[in-house]
Amino acid sequence: MYQAKAYSVTSATSPFSSDTIPRRETTGRDVQIEILFCGICHSDLHTVRDEWHSVMPTTYPCVPGHEIVGRVTKVGTEVTRFKAGELVGVGCMVDSDHICPTCQEHLEQFCNNGTFTYNSPDKHGTAPVTYGGYSESIVVDERFVLSVPENLDLAGVAPLLCAGITTYSPIRRWGDIKGKKVGVVGLGGLGHMGVKFAKAFGAHVVVFTTSPGKKEDALRLGAHEVIISTNAEEMQQHAGTFNFILDTIAADHDINAYINMLGRDGNITLVGAPETPLQVSAFALLFGRKSLSGSLIGGIAETQEMLDFCGSHNITSDVEIIPIQQINEAYERLAKSDVKYRFSIDMASLKAE
Ligand code: NAP
Ligand code: ZN
């Protein structure tokens, strides 16, 4: 075991502060990674503030961060896929049982014995729970380590490990969206990646936003149209016209307003995870045979496919790079939907402490 610098919170209401955490030595299939950048996902904020208490209560101290990009510093004796010096990524998962039917189908995110990157019981016993990427280094089983294309800006690659795969996966799963009318609800970390992927796959992309100030950016990011969702008239003009909508809103909202945007057999997929249940009108779904689904990140193979796609299409996240010392201010801004469009922490700032 060794000690690594990190930033942690000790309760749902305390700010982040500097800390040291235990990490295991690299044995067997382990890969030790020096973390270069880590994105700040809204799930980090939900967890830190224990907003998902009823489903996944938070254990403190909590070190979040599951949008990790870094360089391999050391590998265990059984590691075959990576060597020191390579650029790699780690997303929301660090382990699974590898033998259950969902793992066999490369859907490790649904494994009942999976381990999330932070706030999951630590099977190695290094600490009570796993600690994430707001840290100078991490040790991960090579089966949960991704190869990062060399041609992309690393600060913008980090968010691909969660925001990227979470939007890529449901868009691919929907089918061929070329020429289809696709809505992306909420222009935040997930939403802006949803726009980039939907555009890359040839959809007619429409952003729904509550922030009129984001309209120009939405068009620059690839949207063909922007609807200010608080404007009833604009909403009415598009009612019943969408094939597919991706809902990334992090807070309680009227989902029926978006179901009403779908045409016959249209689907709305939730990736946003508000802390309280949403109220769904049966009639909104019945008329038009519409469907409502959910989607959770993506499997490891699909995450690699997404990273390779980003490498060949030059896709990264639009980031605001911050030193870790500004993390508390960044959380305040994230809570107010005021980030363009993902914070990416430059971990060199932690090393310098
Ligand atoms: P984010 O950057 O904060 O973006 C969320 C966006 O939702 C905001 O930018 C805002 O967009 C909109 N929004 C926020 N509050 C709203 C409200 N009260 N009413 C209407 N719109 C509102 O968050 P994120 O990192 O993209 O994450 C979004 C959600 O997805 C979170 O709940 C997160 O936990 C969840 N998530 C799920 C998965 C998964 O696997 N399913 C993975 C990662 C994250 P506008 O300003 O454009 O309105
Ligand atoms: Zn995330």
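Student: Which loop does Y341 lie in?
Tutor: Keep in mind that this is a predicted model. A cis peptide bond, with omega at about -15 degrees, joins K340 and Y341. As for its place, Y341 sits in the loop between α11 (327-335) and β17 (342-346).

Student: S337 has a positive phi; what is its value?
Tutor: S337 is in the loop between α11 and β17, and it is partly exposed, with a relative accessible area of 42%. S337 is a residue other than glycine, and its phi is near 55 degrees.

Student: Where is D265, the non-glycine residue with a positive phi, found?
Tutor: D265 has a phi of about 65 degrees although it isn't a glycine. Its relative accessible area is 37%, so D265 counts as partly exposed. The element that holds D265 is strand β14.

Student: Which side chain does the side chain of N267 join in a polar contact?
Tutor: N267 is found in strand β14 (residues 262-270). With a relative accessible area of 8%, N267 is buried. The contact is 2.9 Å, and the partner is S291.

Student: What is omega for the cis peptide bond between Y60 and P61?
Tutor: To find the spot, look for P61 in the loop between α1 and β4 (68-75). The cis bond joins Y60 and P61, and omega there is about 0 degrees.

Student: Why is C92 in no disulfide?
Tutor: The structure holds zero disulfides. The nearest cysteine sulfur to that of C92 belongs to C162, at 3.6 Å.

Student: Over to ligand 1: which residues come nearest?
Tutor: There are 29 residues around ligand 1. By class, that shell has 13 nonpolar, 14 polar and two charged residues. The ones that come nearest are T209, T210, S211, K214 and R342.

Student: How much of the area of ligand 1 does the protein bury?
Tutor: Start with the polar atoms: a polar side-chain atom of T210 lies 2.6 Å from an oxygen atom of ligand 1, and an N or O atom in the side chain of R342 is 2.6 Å from an oxygen atom of the ligand. From the backbone, an N or O atom of V271 is 2.9 Å from a nitrogen atom of ligand 1. Taken alone, ligand 1 exposes 910 Å², and the buried part is 90%.

Student: Which helix gives the largest share of the shell around ligand 1?
Tutor: Domain 1 (2-162 + 298-351) and domain 2 (163-294) each give at least three residues to the shell. Both α1 (42-48) and α5 (189-200) supply at least two. The largest share is three residues, and they come from α1.

Student: Last one: how far apart in space are P212 and T230?
Tutor: P212 is in the loop between β11 (204-209) and α6 (215-221). With a relative accessible area of 54%, P212 is exposed. P212 and T230 are 18 residues apart in sequence, and their C-alpha to C-alpha distance is 9.5 Å.

Definitions and conventions. Residues numbered from 1 in each chain as written. Chains lettered and ligands numbered in written order. Predicted model: local features only at pLDDT ≥ 70, side-chain atom pairs only at ≥ 80, totals over all residues. Heavy atoms only, no water. Helix = DSSP H or I, 4+ residues; strand = E, 2+ residues; numbered from the N terminus. Buried < 20%, exposed > 50% of the residue type's maximum accessible area, 1.4 Å probe, protein only. Near = heavy atom within 4 Å. Polar contact = N/O pair within 3.5 Å; in protein donor to acceptor, adjacent residues only side chain to side chain. Areas by Shrake-Rupley, 256 points an atom, 1.4 Å probe, with all protein chains shown as cover. Nonpolar A, V, L, I, M, F, W, Y, C, P; charged D, E, K, R; others polar. Domains from an automatic or database assignment. Disulfide = S-S within 2.5 Å.
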